[in-house]
Amino acid sequence: MLTIVSSLDHTMKNTYNLRSIAAKAITQVLEQGQSLSTVLPELQQKVSDKDKALLQELCFGVMRVLPQLEWFISQLMEKPLKGKQRIFHYLIMVGIYQLTYTRIPAHAALAETVNGAINLKKPQLKGLINGVLRQFQRQQHELVEQSNNHDINPHLHPKWLLERIQNAYPQVWKDIVDANNQKPPMWLRVNQLHHTTDQYLTLLEEADIRAEMDINHPHAIRLVTPCPVNTLPGFEKGWVTIQDRSAQRCAELLAPSNGESILDLCAAPGGKTTHILEVAPKSKVLAIDIDEQRIKRVNENLQRLNLHAVVKKGDGRLPQEWAAGEQFDRILLDAPCSATGVIRRHPDIKWLRRNEDINQLVTLQTEILDAIWPYLKKNGTLVYATCSILPQENSEQISSFLKRHTDAILSETGTLESPGIQVVPEVTGGDGFFYARLIKQ
Ligand SMILES: C[S@@+](CC[C@H](N)C(=O)[O-])C[C@H]1O[C@@H](n2cnc3c(N)ncnc32)[C@H](O)[C@@H]1O
């Protein structure tokens with residue numbers, strides 16, 4: 001699982017120190033419970049475009065292999081750094097990560113990491129950090145070998161989550177965990193209002209970007225190697241969107257038509273709102289989300305793609321507050337969930353989620369489903385989707401919904417014994433996702 005960073009280090013020329021910024025981000029995640037997707041955008045504004053990718057790589061990489069890095073440090077230091085010095089523990093991790101998983105020359109990785117102590121206003125810790133990293137270098141080979149020993153969390157997942165995955169997928173849990181530990185592939189969704197998927201593939205070829213279509217997902221293209229969005233033909237003009245192929249299936253199953261009224265509930269940042277509108281640009285879409293900050297991104301995405309929806313802040317459990325008594329032809333509920341299907345895209349999820357969160361999420365999903373069902377027209381379609389791989393949030397959730405609502409029929413997605421379609425993350429395939437399509441009798 002070697003992660004390769006080819007970009008050379010340019011931080012010496014800058015006034016900031018990238019490693020100390022990475023250590024700050026990691027501290028905010030692991031000590032303050034914030035997600036990398038909240039913390040990183042602000043920190044990335046402080047660094048050059050070139051360094052943005054490296055900052056992301058260092059933070060995501062550390063989250064991917066955290067137990068292994070913790071174990072290395074436990075072998076190198078008698079006492080871990082705690083309290084106000086905790087950030088230096090993470091700075092050391094950033095150093096070890098570079099030495100183990102990147103192609104950054106060791107001397108640059110070391111010098112930059114040690115200098116991070118100056119930026120973090122503790123130059124007196126330079127010696128300690130240098131000493132630990134050099135000792136790691138000397139013992140690297142044997143420590144890496146030992147860390148692959150089965151006693152030392154070789155699966156890089158918290159125990160509670162590993163057990164849940166093993167219980168739910170006794171046959172394929174290893175493949176799932178392996179996919180979770182990889183870097184994700186980059187999938188595009190071709191905006192059919194501009195080009196067919198075939199046509200866009202040709203544009204990519206002309207731009208020397210290697211890519212493949214997916215016969216099961218008509219709008220999806222996988223890039224052989226991920227690339228910056230600004231190198232994609234027509235990205236700014238809205239010709240494509242970055243969206244995993246599994247997420248694309250939601251709009252496929254919803255099958256919206258022009259003229260219909262559609263509710264996209266839990267819509268932010270709008271990946272599926274815009275897909276619905278690309279498929280049915282003359283449909284009337286209401287996009288609702290509870291999170292004001294994330295709602296801004298729905299509007300930005302609509303703007304880039306030149307599409308139109310009514311976007312409102314609202315709680316899915318309280319449609320009486322925002323639906324104005326309207327009933328919809330189709331509803332997409334992309335429910336808040338454990339996000340255990342997208343760990344490879346958000347490896348911090350492994351350390352932010354708690355076992356006890358799952359029951360709370362299941363309750364929230366149930367409440368939203370029950371609240372929204374009366375707002376679906378007769379013969380209308382509701383697609384319930386999650387990016388979770390846990391049955392409690394998925395097939396079990398829909399099973400109990402079907403028992404509570406006798407006017408709901410499961411349509412082409414699974415059987416009554418095992419309702420819905422569950423996909424699991426695949427190394428070069430899609431994310432883990434669940435979909436159930438329900439029709440109101
Ligand atoms: C999986 S994400 C949605 C992704 C989005 N559908 C897309 O394709 O870009 C789940 C969303 O649910 C929202 N959410 C959480 N609780 C909610 C609630 N009670 N009512 C409405 N939205 C909620 C979150 O803010 C989050 O944006």
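This is a predicted model: local features need pLDDT of at least 70, side-chain atom pairs count only at pLDDT 80 or more; totals for chains, interfaces and linings use all residues.

**Around the ligand**

| Residue | Protein side | Ligand atom | Distance |
|---|---|---|---|
| Pro 269 | backbone N or O | oxygen | 3.3 Å |
| Gly 271 | backbone N or O | oxygen | 2.9 Å |
| Asp 334 | side-chain N or O | nitrogen | 2.7 Å |

How much of the ligand does the protein cover? On its own the ligand has 600 Å² of accessible area, and the protein covers 87% of that.

Pro 269, from the table, sits in the loop that links strand 5 (261–265) to helix 12. The peptide bond between Ala 268 and Pro 269 is cis, with omega at about 5 degrees. Cys 266 is in the loop between strand 5 and helix 12 too, and its phi is positive, near 70 degrees. Both features are worth a second look: most residues other than glycine have a negative phi, and most peptide bonds are trans.

**Helix 13**

Now move along to helix 13, which covers residues 292–305. Its 14 residues stretch 21 Å from the first C-alpha to the last, close to the expected 20 Å. At its start, a side-chain oxygen of Asp 291 comes within 3.0 Å of the backbone nitrogen of Gln 293.

Which residues of helix 13 are buried? They are Ile 295, Val 298, Leu 302, Arg 304 and Leu 305. In an α-helix there are 3.6 residues a turn, so residues three or four places apart point the same way. The buried residues of helix 13 pack against several neighbours, including strand 1 (186–190), helix 12 (271–279) and strand 6 (284–289). Strand 4 (240–242) and strand 7 (310–313) are also among those partners.

Asn 306 has a positive phi of about 55 degrees, although it is not a glycine.

So are Cys 266 and Asn 306 buried or exposed? Cys 266 is buried, at 17% relative accessible area, whereas Asn 306 is exposed, at 58%.

Technical notes
Residues are numbered from 1 along each chain as its sequence is written. Side-chain values use heavy atoms; hydrogens and water are left out. A polar contact is a pair of N or O atoms within 3.5 Å; within protein, one must be able to donate a hydrogen and the other to accept it, and residues adjacent in sequence count only if both atoms are side-chain atoms. Accessible areas come from the Shrake-Rupley method with a 1.4 Å probe; for residues, only the protein chains shown count as cover. Helices (H or I, at least four residues) and strands (E, at least two) are DSSP runs, numbered from the N terminus. The expected span of a helix is 1.5 Å times one less than its number of residues. Buried means under 20% relative accessible area, exposed over 50%, partly exposed in between (1.4 Å probe, protein chains only). Contact means heavy atoms within 4.5 Å.
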